Structures are given as structure tokens and as C-alpha cells.
Amino acid sequence: MYEHRKELEGLYQQHKAIEHRKIAAVLSVLLMGLGQLYNRQFGKGIVLLLFSCLGIYTAITRLPHAVWGVVTLGEKERHLEKVGKIYKQVMGDHSIFLLVEGLITVLVVFVFVWMYVLNVKDAYRTGKVREEGGTTNTFSQSLKYIADYRFPQIAISIPMLGILFFTIMPIIFMILLAFTNYTINNQPPAHLINWHGFKTFKDIFAIKSWSHTLYAVALWTFVWALLTTLTSFIGGFAVALVVQRKEVRFKSFWRTLFILPYAIPAFVSTLILKNIFNGQFGPINQYLKMLGLPAVSWLSDPTIAKVTLIIVNFWLSFPVMMLMIIGILTTIPSDMYEAADIDGANGFQKLRLITYPAVMFSMAPLLVMQFVGNINNFNLIFLLTGGKPGNSEFRFAGHTDIMITWIYKLTVDQGQFNFASVIGIFIFIILSFFAIWSIRNTKAFKEEEVK
């Protein structure tokens, strides 16, 4: 009888605990902070209650206007209004400002909802601790607990907010612009922009001049990224192998000498090389003329200009690749090479079976990132050739333009913001899938997953 009574009391206490957890969670759902007040965490409850009131006020006062702005993109253009005997300019709705303001408000509400969910979980968890006989933390104890045990989460939340508002939001803004008619001909606030669905996506493939330019520039972009990545890696690998040979003396001197091109600011080196490769007054062509050889159109011939770009990129990028590979070579145990010598392996076999696999194990993810970076290598193309020589068959692009420099011309020079956004979406999707797939299939990543 006594055991049965204790069992009933235990079930009652368990039921009571569950009820208290539910009450705390329901109160937190109704209003942030009420669950904490119910759990006798008065300091935390008051702070969350004030935050809740601020969030609700923002949602009530700003969210409807934000949603209206994103949906309509404004209703009134800038116009002249007669006041008495004179006309006064009346500012209308600015579609871009409305879109940005709407995105910011929606993201702020998203953060508030996320905090609301955490508040409910906290109230439920604290109610469980309280009913199990534990003591609930005071506000100062909660702050101390966060500092001691939740500091990494708090520290990472700040950059995460930065990523949300300064990385994710611009990407969303770019995607939304692709579905509008935002061009130089209807710029706010003089004109309103409108949503027009997938029309820009259709036009970039249906209109021959746009599609031809897109395919040609995209092809050259990937050829450029592939060749520049391979040449810098092969060149850096070769120089690293030579410098690290036992027969080579003054290794520090050679490493310092080869790193000089990387130590000089890239834009300075690029502008200097642009003058060196000048077709009329450049010193290279001057020396060729002195030798009785014809001048070369380094930057004005389409094919030669592309080769020149790859050469200049190689000169600027191989030093850092050399340094990274030298660092990897120093970690390879010498015992492996000694064992290979005993087995009768020649130099090429040691390179293929020992050196190359060790280098690629560490360098593969970096090569993927360098390939992605070369696709967006704006500075070199812009400073050296500016996308020239021109091509009359292309739409606002030259022979040496890559996707990112074409986007620059479309936005800054031509005001084709919707088409530039569409191209930006293509680049984002292709690079994201390529980078994720490539890194996940590298040996280093697979071994990290196994661990």
C-alpha cells in the first residue's frame, strides 16, 4: 500500500512538472518574457518583455509599410505640382529605397522570431529544472552562465548578424532586381520600377546579341580561371621543387627573390606591366624593333591579349603558391624518400608517388578556392585591358571581358541593372555548386569527415 502511494505521488509530481513546463512555454508563446516571470526569473523576464514590446511595436509600425514597399515598389513618381502660380517638384516613391527598407525590416522580424523561439525553449527548459527540484538562475547568474558556457555562441552571433545583413541581404536584393525592369531608362525617383517576372531571364537567352555575349564571355571566363589556376600552381610547384633541392644554396635568398612580385601591390604591378606591354611605346616592342623583329599587339589583338593576361597573372600569383608548397614540402618526412631510394625509385617516381600526393592533399581545397577567385578576378582584367579589344558582336563587352567585368560595365557604364543581376545569379549558382561539390570530394575533406 505504501509503495503504491509513493508511486502515485511520483506520477503526480511528474504530471505537475509537465504541467508547469507547458504553462511556462505557453506563456512565452503569448508574450516573450512571461514564461521567465512565471519561472521566477524576474530580471531575465523583464528584459525579454521589453525586447518583446519593442519587436511587436516594430512589426506593427514598420512591417506593413515594408511589405507594401516590396510588393508595389511604390505608387507615385516624381512629378510637378502647381502651387499657386508656380510649379513645385514633388518627390515620389523611391522604388530601390522601398525595396532595401523592406528587406531590412523583414530580416529584423526574422531575427525577432528566432529570438522568440529561443525564449520559448528557455522557458520550457527552466520550468523543467525548477520542478525537478533544482534552483533557477537569477539574472546575474544567467549572465555568468552565458559568459562561462555560451560565450562561443554569443561571439559567433555577432558576425552571423553581419553576414545576414551585409552578405545575405545584398544577395537577396540582387536576386529581386533580376525580376524587375530596373534600367537606366527608368531610374528612381524620376520613375518607378516594376516587377516583370522572368522577362529578363527570357530576354538574355532569346535575344541573339545577349545570348551570344553570355555564352562567349562565360566560356572565356572558365577558360581563363582554369588556365590561370593551372599555370600558377605548376609554376609555383616547379620553383618550390627547385628551391628546395639539396644542391641549391642560399635558399632564403631565392625564396625572398621570388616573392618580390607578390610583395609589390598588385594594382601597381599591373599598371606597370600595362605600360611595358603597350603596343606603340612599350619597352618590349621597342626591343623587338631594335632586333629587327615586328612589334606584337600585346593588348590590342584578341588572342594575344588573352595570352598576355595569363602571363601577367602567372607572374603575380606563382610566388604565393611557391611559398605554400615549400611549407608543405618541409613537412614530408625524409624517411619516405630514403625508403624510395632503397627501393630503386627514380626522381619522377618519387615526385609522382610521394611529393605530388602530399602537396595535393593540402592544396586541393586551396586550388578550388583559387579557381573560384580567378572567375571573379576583376582587378587584373580591368586594370590591364579593361575588357578590350572591343567586339561589335557583343552586347556591352569586349574580347577579354570575364563575367565580373561585364557585370561592371552593365551596371556602371550602361545602367542595365536587371541584366547584370541575372548574370550575377548565374555566377552565384554555378560557383556555389562547384565550390561545394569540389571541396566535398577532396581527399582532405573526406578524411576530416571520417574523423
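Start by selecting Leu 73. This is a predicted model, and in it Leu 73 counts as buried because its relative accessible area is 0%, under the 20% cut-off. You'll find Leu 73 in the loop between helix H3 (42-72) and strand E1 (79-83). Check its backbone too: phi is positive, about 60 degrees, although Leu 73 is not a glycine.

Next, jump to Phe 396, in the loop between H15 and H16. Phe 396 also isn't a glycine, and its phi is positive, near 60 degrees.

Look at the bond joining Lys 388 and Pro 389: it's a cis peptide bond, with omega about 0 degrees.

Now for the surface. Select Ile 156, Met 160, Ile 163, Ile 168 and Ile 172, and you have a nonpolar patch of about 410 Å². One of them, Ile 163, sits in helix H6 (residues 151-177) and is partly exposed at 38% relative accessibility.

Last stop: the second largest pocket, with about 710 Å³ of space. Which residues lie nearest its centre? Select Gln 244, Arg 245, Lys 246, Tyr 337 and Lys 350, out of 17 lining residues. Helices H8 (208-243), H13 (334-342) and H14 (347-375) each give at least two residues to the lining. Color the lining by type and you'll get seven nonpolar, four polar and six charged residues.

Conventions: Residues are numbered from 1 along each chain as its sequence is written. This is a predicted model: local features need pLDDT of at least 70, side-chain atom pairs count only at pLDDT 80 or more; totals for chains, interfaces and linings use all residues. Side-chain values use heavy atoms; hydrogens and water are left out. On a 1 Å grid over the protein atoms alone, a cavity is a set of points where a 1.4 Å probe fits but cannot get out, and a pocket is an open set with protein on both sides within 12 Å along at least five of seven lines; lining residues have an atom within 4 Å of a point. Grid points are joined across faces, edges and corners, and a volume is the space filled by probe spheres set on the points. Helices (H or I, at least four residues) and strands (E, at least two) are DSSP runs, numbered from the N terminus. Ala, Val, Leu, Ile, Met, Phe, Trp, Tyr, Cys and Pro count as nonpolar, Asp, Glu, Lys and Arg as charged, and the others, Gly among them, as polar. Patches are made of residues with over 30% relative accessible area and no salt bridge: like charges are joined within 9 Å, nonpolar side chains (Val, Leu, Ile, Met, Phe, Trp, Tyr) within 5 Å. Accessible areas come from the Shrake-Rupley method with a 1.4 Å probe; for residues, only the protein chains shown count as cover. A salt bridge is a side-chain nitrogen of Lys or Arg within 4 Å of a carboxyl oxygen of Asp or Glu. Buried means under 20% relative accessible area, exposed over 50%, partly exposed in between (1.4 Å probe, protein chains only).
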